[in-house]
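Open your viewer and get the selection tool ready.

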Amino acid sequence: MAKFSISTKGNNDIIDITPQVIEQVKKTEVKEGVCLISCSGSTCGITTIEYEPNLIRDFKEFLEKLAPRDKKYYHDETWGEKNGYSHLLSALFKPFLTVPIENGELTLGSWQQIVFCDFDSRPRRRKVLVKIIKN
Amino acid sequence: MAKFSISTKGNNDIIDITPQVIEQVKKTEVKEGVCLISCSGSTCGITTIEYEPNLIRDFKEFLEKLAPRDKKYYHDETWGEKNGYSHLLSALFKPFLTVPIENGELTLGSWQQIVFCDFDSRPRRRKVLVKIIKN
Amino acid sequence: MAKFSISTKGNNDIIDITPQVIEQVKKTEVKEGVCLISCSGSTCGITTIEYEPNLIRDFKEFLEKLAPRDKKYYHDETWGEKNGYSHLLSALFKPFLTVPIENGELTLGSWQQIVFCDFDSRPRRRKVLVKIIKN
């Protein structure tokens, strides 16, 4: 399985990882199949979005509305990490995404990027896993 | 990869695409495997729901509550398409769904349909991709 | 396809099914591949979360905020089952989850469990499907 690492700022940092995923797809030379992008962890998510600064701003407001960071969470009493909201967003967005491969390329739209969402309350070093299944 | 097209009204139009997906599964004659249904685009989603008019009405209210259409979004300043909410819902619901195939059939419940959700702010012609991986 | 059954209390019961899924992965002896965990039904979901009592309490509050149980839903008029909220949460969380397998093990973090979420309004007996695809 292919892997690459990224550094995040945490706090709902949204990072475009499309180039790194494309690189792994090209390396395998698989022409038809599926690509599962994932991360081992319970405070992050992986999805697709148009990676455009204004929309990313909207997305962060959206996340804040879904799970406010300044709310008190029971989970914060367990570990004291103040990241209850991070876990809720991760359960909702899931750190798993499966995209088809056709003619050696991911079937993404022109305005559709794969993003890593780091919901955690602190900067993190993350390992992203790229599993490619041939047709 | 199999494909089929649908016409949508946009504005959170919810369309039952189960018959078309089943048709593609039958054509491949794959008995055991998985079926990845997807769409290239950042303003749509694919999921399962009981396709029943009252519930679809509830679902549309639910979407409206999650991402109100009349709210101002920063993204609207970028392209002027007034579809900021569409992108947020797409990032949340994701236009990717993977369903198992057993004995040549999708393992759906009797009251569980595959739906294409067009969150965009205008009618669209959409191409749905059906990728089947044999066990 | 492997299967196992669980009993739930319904009402957003959150059940850790990681041990049962791991058991099925070990049985197949697949070293590299992907594992699709699913359930046929439109009132449940499958995702990952840190299975810790305080966080599960937060998660239930989060679900209640997303789709309140005491709200009136149009769907309740159709079947009288008072589970409109269950269907909405299922469409959002989806009863499908795909996790990579590496060296014969699911690539989960130490604080990341696979959970079955029973959003239905009554206790249920559920069959969980585990489909493993070799690399």
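Helices (H or I, at least four residues) and strands (E, at least two) are DSSP runs, numbered from the N terminus. This is a predicted model, where local features need pLDDT of at least 70, side-chain atom pairs count only at pLDDT 80 or more, and totals for chains, interfaces and linings use all residues. Residues are numbered from 1 along each chain as its sequence is written, while chains are lettered from A and ligands numbered from 1 in the order in which they are written.

Now select H1 itself, residues 18-28 of chain A: Val21(A), Gln24(A) and Val25(A) are buried (20 or more other C-beta atoms within 10 Å of a residue's own; exposed means 12 or fewer, partly exposed in between; C-beta atoms are placed from the backbone). Why do they sit on the same side of H1(A)? They cover an arc of only 100° around the axis, taken from the directions from the helix axis to the C-beta atoms. Just after the helix, Glu29(A) has a positive phi of about 60°.

Next, pick S3(A), where five of six residues are buried. S3(A) pairs antiparallel with S5(A) over six bridges (pairing needs at least two DSSP bridges), and Gly33(A) stands opposite Ile101(A). With S8(A), S3(A) also pairs antiparallel over six bridges; there Ser38(A) has Leu129(A) as its bridge partner.
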